[in-house]
Every structure is written in C-alpha cells, then in structure tokens.
Amino acid sequence: MEGIGISVMEHLLLSQRESPAATGQFTRLLTELIFSAKIIAREVKKAGLVDILGLTGDINVQGEQVRKLDDFANRVLIYRMQRCGVLCAMASEENADIIEVPEDMPRGSYLLVFDPLDGSANIDVNVNIGTIFSIYRKVSEGDTVRLSDFLRTGLEQVAAGYFLYGPSTMLVYSTGDGVSGFTLDPSVGEFLLSHPKIVMPERGKTYSVNEANEMYWDERTKKTVAFFKSNQNERGKPYRARYIGALVADFHRNLLEGGIFMYPADKKDPAKPRGKLRILCEAFPLAFLAEQAGGAATDGAMRILEIQAKTLHERVPLFIGSKADVETATRLMRQI
Ligand code: P6P
C-alpha cells in the first residue's frame, strides 16, 4: 500500500525470526537506542533556538571542550540504556571509565560502546553530526564487569550502527547479516526502511582527509593521499575531495556512493601518535558496517576488525570505505 513503509520494529522482528543471533534482547536494546536518538534528534533540530548550543566549559577524557549538546546526548544515552534491562555496562567516548549498570537496575549480558555525538564541533554551524554505537556480549565469568570485557577485537561485535542527524534523521545498523538504513518519518515518529541491504560501490570517486594535517604526515601518507589526487590512480583522474568534519557523515556518503575516508597517523600531537580517531567507538563499529556492506577498513597495515583493543580510548589510523580504494591506500601505505 502506498505511504506505508516497513518500520524498524517490523524489520527487527522479521530478522529475529530469520537469524537466531538477533535475540529479543537485541530488539529491546535497539528499541531503547532508538528512543534515545529520537530525544537527541529533537534537541539537535532546535539546537540553534535554545541555549543548548555552545560549550559547558568542561573538558572530556579526550581533552576536548564538551559542547552542551554532546553532554546532553551522553546523559540521555547513559540514563536510558541503564534502564533497558539488557546491558551490564557501557563505555562512552565522553567518559574516562566504563559505566556499570547499577545493581538495583535490571541487568543483561550485553555491553554497549558509543560516541554520543560524533562531529560535535559541527553543532554550532548546523552541519551533520551523529551517534555511533557498538554492541558486544559479556564474556568474563560471573556478574562483575571487567575492563577486559571491553578490550576486544572488532570481530567480536554482535552489532553496530549509527544515527545521523542531518536534513533527515537516519538509523543505519547491522547485526552481521548485511546493512539496513531507516529514515525517521517525523510525522509519525517512526524509523521506516529506506535503504534495504546497502552495498558499498567497489570503487568510489571521492576521498576524504584533512589536508591541513599534511605537514604532520610521513612520506608514505603524503604519497598515498597524493595518489588519489592524481591521474595515476585506477580511475585515471583525480578523486573529488569531500570532508564534512564528522566521520559518521563522511562514512555515510561513502557507504551509499563509494569512496574512501582517511585519518592517518600524524605527528601533530605527541599524545596521539596513532591519529585522532578512537578504535572502540568509531573505527570498530564503522569497520563492521563497511565490511558488512562489501567495503573494507584498515589502519594502513592491517584489517581494523582484527586489531585487539588494549585501552578503552585507544586511537587508530583509519582508511575506510570502498574495498578497491582501501586496498589501493593500504598497498601504498605498506610500501617502504
Ligand atoms: P579534524 C570529530 O571530532 C572527529 O572525531 C570525527 O568525527 C571527524 O572525522 C574528525 O574528528 C575530524 O577531525 O582533525 O579533521 O578536525
């Protein structure tokens, strides 16, 4: 029937029937994530109108100024996800340590990692931002949650996805059986299936990198980025440059249209020799989605999903997007 789409709940229940991995617990978890995102989207839409814009004056664990909206998003996610009855602990990009579900609340056996508002510097200029999430099962024995429960490889994720707050609000996620995209219909408050079974084009026409960091790159990185800007590459002409300043938005464009996003290691900040992006709340979930959509993700040497995280806020260089583009970049980055 015209005008009636498939809701994310219908899609979840269908996939729950087909894939035993998608248990009712995951459905409950995603339902609560969706509710949190609708609350965040409501505030994002009116960010310019109320005094939620700007800075709280706090500094987060990354040493970054915390903006009111990403502090709000962080608090909404922690509050709601602690009450979903499916988690035993969470880790947020904004919090130094893991956040356990209090004993007096219903607990489950899943772990949630999230970046509450990726690209938050874009808030003040009304440009796309997003929430990235990643889900694991607890593996350690007993009820006590350990830091080691979060220090996994990306291959151990049971699901990953993101909400994108832009001209429309979207949900893109995978439980390991392909990638689906949903668009929020604000008139009914439902996410409707708009991008079933997303497949990333084998090779794109776009590259994304912050060229202002060039003076901090090593020679291999300079040559790799220059290759995409030359007519020596497999396309025989330069790729277009696109850089939104929010990884989740640059990734989303490449997911739909193909292309490569690069955030290489640089010498800009001695405290961050492996670059700026976080492995647990950025690289792992987006690498999971990239591979589920036929794309790829490496750190310039190895497959992102095979990396073993050693610390909660570990950073990693990221080359992610169309399979052929990532293979080209990784081949060049491996050359001595
Ligand atoms: P730069 C946002 O802070 C973020 O983590 C990613 O979303 C984004 O791609 C990157 O940093 C932008 O960093 O150094 O280019 O401003």
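**Stop 1: two helices**

Select helix 4 (residues 219-228) and helix 7 (residues 323-334): their axes come within 9 Å and cross at roughly 145 degrees. Helices here are DSSP runs of H or I with at least four residues, strands are E runs of at least two, and both are numbered from the N terminus. Axes are lines fitted to C-alpha atoms, for helices over the stretch in contact, with angles from 0 to 180 degrees between N-to-C directions.

This is a predicted model, where local features need pLDDT of at least 70, side-chain atom pairs count only at pLDDT 80 or more, and totals for chains, interfaces and linings use all residues. Residues are numbered from 1 along each chain as its sequence is written, and side-chain values use heavy atoms, without hydrogens and water.

Next, show side chains. Arg220, Thr221, Thr224, Phe227 and Phe228 of helix 4 meet Asp325, Thr328, Ala329, Leu332 and Met333 of helix 7 (contact means heavy atoms within 4.5 Å).

**Stop 2: the largest pocket**

Now select Glu64, Ala121, Gly245, Lys276 and Arg278, the closest to the centre of the largest pocket among its 31 lining residues. A pocket is an open set of points on a 1 Å grid over the protein atoms alone, where a 1.4 Å probe fits, with protein on both sides within 12 Å along at least five of seven lines; lining residues have an atom within 4 Å of a point.

Colour strand 5 (110-118), which gives the most to this lining, with three residues. Finally, colour domain 1 (8-195) and domain 2 (206-334): both give residues to the lining, so the pocket lies between them. The domain bounds come from an automatic or database domain assignment.
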